[in-house]
Amino acid sequence: MATGSLMNSIISTIFVLSLAALIAAKVEIIERETAGTILDIAGQPYYVSSNPLLTVHPSRRSGVPESFAPATSIRAPYSPITKSFLESQISTYGAIDDVWTDRFLESLFISYDGLTGTTGFFDEAAEKWLQSSNITHLFLAANIRLPNFVSPPVSQVTTAPPAGPYFITASESLGLDTHDVYRLRKDEYASFLFGAIPDPSGGWIQTNITLDDSKAQYIPVPSRIALLTKSLPLSGTRFALKDIFDAKGLPTGAGSLAYARVYPPPNTTAPSIQRLLDLGATMIGKTRTSQFAHGAQPWEFEDIPYSWNPRADGQLTASASSSGSACAIAGYDWLEFTVGSDTRESVRKPAAFVGAYGIRPSHGSLDLTGVVPLSEEMDTAGFFARDPRLFSALGSLWYEESPVRIKRQSIRFPKKLLYPTEHFPVKNPAAQALYDGFAAALEKQLKIIKVPLNFTEALVEHLPEGNFTHFQLASNRLAEYRSWVSVGRPLIEAHEQLFDSTPTFDPRPRYMFALGATYTEDDFADAVRLRHAFRDSVAADLLKADIKSCSEEDHVQNLLHLRPG
């Protein structure tokens, strides 16, 4: 995949900017805190870390502002540096980035990344263009020949920051500090637990920023321009992470205040999440989850309030434990994808409720070390996305090294689409038309034939004693026992030892822990055997494997009819 092609394929709007129309931006300091400073430019809030990305020493002190000032960095790969190149870079910045604005052209860094030992220079049109601008100061890399003009004033620097927007200010060493820019975005749907910015020593620093009476958090969102320079498949994408996955330096609470209080922030990142980072994606915060990923109703969220579904009338639940991640991807165009977990529909069902793409991969697709378990026998790491191209690419990339992935190349699609007659047609004619249109498109484009089937009746013969209730109870036991043994019991013991008190839990996990404590290892082993027998039976007789297409059949579900998981 070409560098940045994933993001560039999604971007379609380009605009042209007139530098002559620029007005110097007034930067107001709203609040200083240990981790960073909140700034305002023309009513738009920004955040800068207390740790500068880079400190340079300009040849002229007149270019060093006493307080924060916006700046833009452009890196030229060839010389002469032309007017058309500078204009195209600025136009591209405006097209691909929702953080950069023309107000960041108050000061301008220009670097030359051509052949080592060569000197870059501006052509005549570029010099006139710079002179006619309202740029207050021009910072040039030492390997660029100084232009012959007085205004804007020019300083040389030994190095310049990567391409993108920055805030600059005087450093303690009489130099110039350049700080990464974060645009503060309001979490109006209460999807996030907190935001996060990179820690220079590794991992992340937690942010909890509120700016108005709503008490909603504001999430620091980094510029895409610098992210796209990583030259990795997912460069330029931003994601949020369900709060059951470990991220170095950030607390993992799994929706529980007691859990976050007992266990310190991890010093490593979950391998599954590190995989996304290695692919170039950027994590910007953690999303809310039902406590310990037990499916719960909105009114059962006590420690951490439920997120708001942006769809419908605002009163529709987003369902299941990954609801925070689902609400975030549905509500915020400044995220490309969000990570959730799916044990029993905790990605698939929220995806249906918010109108996004969601996936539960095959069990065992990713290493779930560093993830708070619900049931290790059923847990999977999934994700949500809005764009189908990104959804497809991300699935291929994230699960590429899966130990359960079929390595051979499929040479055709499944032949049949199993259509459960007990679930269809749905009551809403408009919704049914979507299902019908989808099935018709599969048949027309991919030759996949819709096959009506009473799925409930077809499954009965594969169930123990032909009984759904017995199977459901056994499935519940896998989660109840594991969650109690792996999470509940150790947490209670640690909390009592540390604080001499028993922790409180939300209603759903409290009930599940009580049940889990009544089971024996033999009870659990029986449930595991039943699950394996059911899986093998269905695979052999109903959803058969196929060496040419992975599976003979696919099937469609109306998730609105199914029980939360």
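1. Is Glu336 buried or exposed? In this predicted model, Glu336 is buried, because its relative accessible area is 8%, and a residue counts as buried when that value is under 20%. The paragraphs below begin with the salt bridge that Glu336 forms with Arg224, and they then turn to other features of the chain.

2. Arg224 and Glu336 form a salt bridge in which the closest N and O atoms are 2.3 Å apart. Arg224 belongs to helix 4, while Glu336 sits in the loop between helix 7 (323-331) and strand 18 (337-341), so this pair ties together parts that are 112 residues apart in sequence. Arg224 is buried as well, because its relative accessible area is 7%.

3. Arg224 also forms a salt bridge with Asp98, and here the closest N and O atoms are 3.8 Å apart. Since Arg224 lies in helix 4 (residues 224-227) and Asp98 in the loop between helix 2 (83-96) and strand 6 (107-112), the pair ties together parts that are 126 residues apart in sequence. Both Arg224 and Asp98 are buried.

4. Which residues are linked with Arg224 in a network of salt bridges? The network holds Asp97, Asp98, Arg185, Arg224, Arg238 and Glu336.

5. Another salt bridge joins the side chains of Lys186 and Asp212, with 3.5 Å from N to O. Lys186 is partly exposed, having a relative accessible area of 35%, and Asp212 is partly exposed with a value of 24%.

6. A further point concerns the packing of two helices, helix 12 (residues 468-499) and helix 14 (residues 521-541), whose axes are 9 Å apart and meet at an angle of about 125°. That angle makes helix 12 oblique to helix 14, and the crossing of the two helices is left-handed. On the side of helix 12, the residues in contact include His470, Phe471, Ala474 and Arg477, and among their partners in helix 14 are Glu521, Asp523, Phe524 and Ala527. The residues of this contact divide into nine nonpolar, one polar and five charged.

7. Two cis peptide bonds deserve a careful look in the backbone. One joins Ser79 and Pro80, with omega about 5°, and Pro80 is placed in the loop between strand 5 (69-76) and helix 2. Another joins Ser151 and Pro152, with omega about 0°, and Pro152 is placed in the loop between strand 7 (137-141) and strand 8 (154-157).

8. Where in the chain is Phe292 found? Phe292 is in the loop between strand 17 (282-287) and helix 7, and it has a positive phi of about 55° although it is not a glycine. Phe292 is buried, with a relative accessible area of 0%. Ser319 lies in the loop between strand 17 and helix 7, and its phi is near 65°, a positive value in a residue other than glycine. Ser319 counts as buried at 5% relative accessibility.

Methods. Residues are numbered from 1 along each chain as its sequence is written. This is a predicted model: local features need pLDDT of at least 70, side-chain atom pairs count only at pLDDT 80 or more; totals for chains, interfaces and linings use all residues. Side-chain values use heavy atoms; hydrogens and water are left out. Axes are lines fitted to C-alpha atoms, for helices over the stretch in contact, and angles run from 0 to 180 degrees between N-to-C directions. Helices (H or I, at least four residues) and strands (E, at least two) are DSSP runs, numbered from the N terminus. Angles under 35 degrees count as roughly parallel, over 145 as roughly antiparallel, 65 to 115 as roughly perpendicular and the rest as oblique. A crossing is left-handed if the near helix is turned anticlockwise from the far one by less than a right angle, and right-handed if clockwise. Contact means heavy atoms within 4.5 Å. Ala, Val, Leu, Ile, Met, Phe, Trp, Tyr, Cys and Pro count as nonpolar, Asp, Glu, Lys and Arg as charged, and the others, Gly among them, as polar. A salt bridge is a side-chain nitrogen of Lys or Arg within 4 Å of a carboxyl oxygen of Asp or Glu. Buried means under 20% relative accessible area, exposed over 50%, partly exposed in between (1.4 Å probe, protein chains only).
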